Amino acid sequence: ITDPRFGRLSEGFSEDPTLTSAYARAAVNGYQADNGGGAATYLDENHIISLAKHYAAYGAPAGGLNAAPTQISERTLMEYFLKPWRAFALAGGRGAMISHETINHIPCHANGQLINTVFRDQFNFSDGVTISDCNDIGVLTQYRVASN
């Protein structure tokens, strides 16, 4: 979270991507732990999935406003904002809620590069589920990236 005016500061673990990555791994292991202390590779009546939110660059919107557009370089996005998401996925996290905002003019919910190429392919989140928040799917028509 980069703007102290952002009203949802308390939802993040930290501003430090390394510390947040450590918390992400610990959360996955805590929620999905098997008897060996690692993330379970299966789900049953004794396990729940860990679901993190909001992917990606949540907390970096213009003016600190929730769901405001985010303008960010690819390097800052990858090294700062996506580092904890990589740790979450590689630890075995199973669920992610997609962020409200647009990143560089592309709504997060319609950003195939971020969701499929980066998160699913590069970060190995291929078996995880992504979910929408609020009415973010419905809003895609306003961005003119969906017809209905």
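These exercises walk through one predicted model, each with a worked solution.

Residues are numbered from 1 along each chain as its sequence is written. In this predicted model, local features need pLDDT of at least 70, side-chain atom pairs count only at pLDDT 80 or more, totals for chains, interfaces and linings use all residues, and side-chain values use heavy atoms, with hydrogens and water left out.

**Exercise 1. The overall layout**

Find how many helices and strands the protein has, and in which order the elements run.

Solution. 
- Start with the rule: helices (H or I, at least four residues) and strands (E, at least two) are DSSP runs, numbered from the N terminus.
- Count them: there are four helices and five strands.
- Read from the N terminus: the order is α-β-α-α-β-β-β-α-β.
- Now take burial. Buried means under 20% relative accessible area, exposed means over 50%, and partly exposed lies in between (1.4 Å probe, protein chains only).
- Of the 148 residues of the protein, 41% count as buried.

**Exercise 2. Strand 2 and its partners**

Work out which strands pair with strand 2, and in which sense.

Solution. 
- Two strands pair if DSSP finds at least two bridges between them.
- Take strand 1 (residues 51–55). Strand 1 pairs with strand 2 in the parallel sense, over four bridges.
- Here Tyr-55 stands opposite Ile-98 of strand 2.
- Next take strand 5 (residues 129–131). Its pairing with strand 2 is also parallel, over three bridges.
- Here Gly-95 has Val-129 of strand 5 as bridge partner.
- Thr-130 also lies in strand 5.
- Thr-130 is partly exposed, at 29% relative accessible area.

Are the faces of strand 2 covered or open?

Solution. 
- In a regular strand the side chains alternate between the two faces of the sheet.
- Strand 2 covers residues 95–98. Gly-95 and Met-97 are on one side, Ala-96 and Ile-98 on the other.
- All four are buried, so both faces are covered.

**Exercise 3. Aromatic rings**

Count the aromatic pairs, then describe the one between Trp-85 and Phe-119.

Solution. 
- Rings of Phe, Tyr and Trp (its six-membered ring) pair if their centres lie within 6.5 Å; planes under 30 degrees apart count as stacked, over 60 as edge-to-face and the rest as tilted.
- By this rule there are nine aromatic pairs.
- Trp-85 and Phe-119 are 5.7 Å apart, centre to centre, with 85° between the planes. That makes the pair edge-to-face.
- The pair links distant parts of the chain. Trp-85 is in helix 3 (residues 83–90) and Phe-119 in helix 4 (residues 112–122), 34 residues apart.
- Check burial: Trp-85 is buried at 8%, and Phe-119 is buried at 0%.
- Look at the wider group. Ring pairs link Tyr-55, Trp-85, Phe-88, Phe-119, Phe-123 and Phe-125 into a cluster.

**Exercise 4. The largest pocket**

Find which elements line the largest pocket, and which gives the most.

Solution. 
- On a 1 Å grid over the protein atoms alone, a pocket is an open set of points where a 1.4 Å probe fits, with protein on both sides within 12 Å along at least five of seven lines; lining residues have an atom within 4 Å of a point.
- The largest pocket holds about 620 Å³ of space.
- It is lined by 25 residues; the closest to its centre are Gly-12, Phe-13, Thr-20, Lys-53 and Trp-85.
- Helix 1 (17–32), strand 1, helix 2 (74–81) and helix 3 each supply at least two lining residues.
- Helix 1 gives the most, with five residues.

**Exercise 5. The salt bridge**

Solution. 
- A salt bridge is a side-chain nitrogen of Lys or Arg within 4 Å of a carboxyl oxygen of Asp or Glu.
- Arg-75 and Glu-79 form it, with the closest N and O atoms 3.2 Å apart.
- Arg-75 is exposed at 61%, while Glu-79 is partly exposed at 47%.

Notes:
Points joined across faces, edges and corners; volume = space filled by probe spheres on them.
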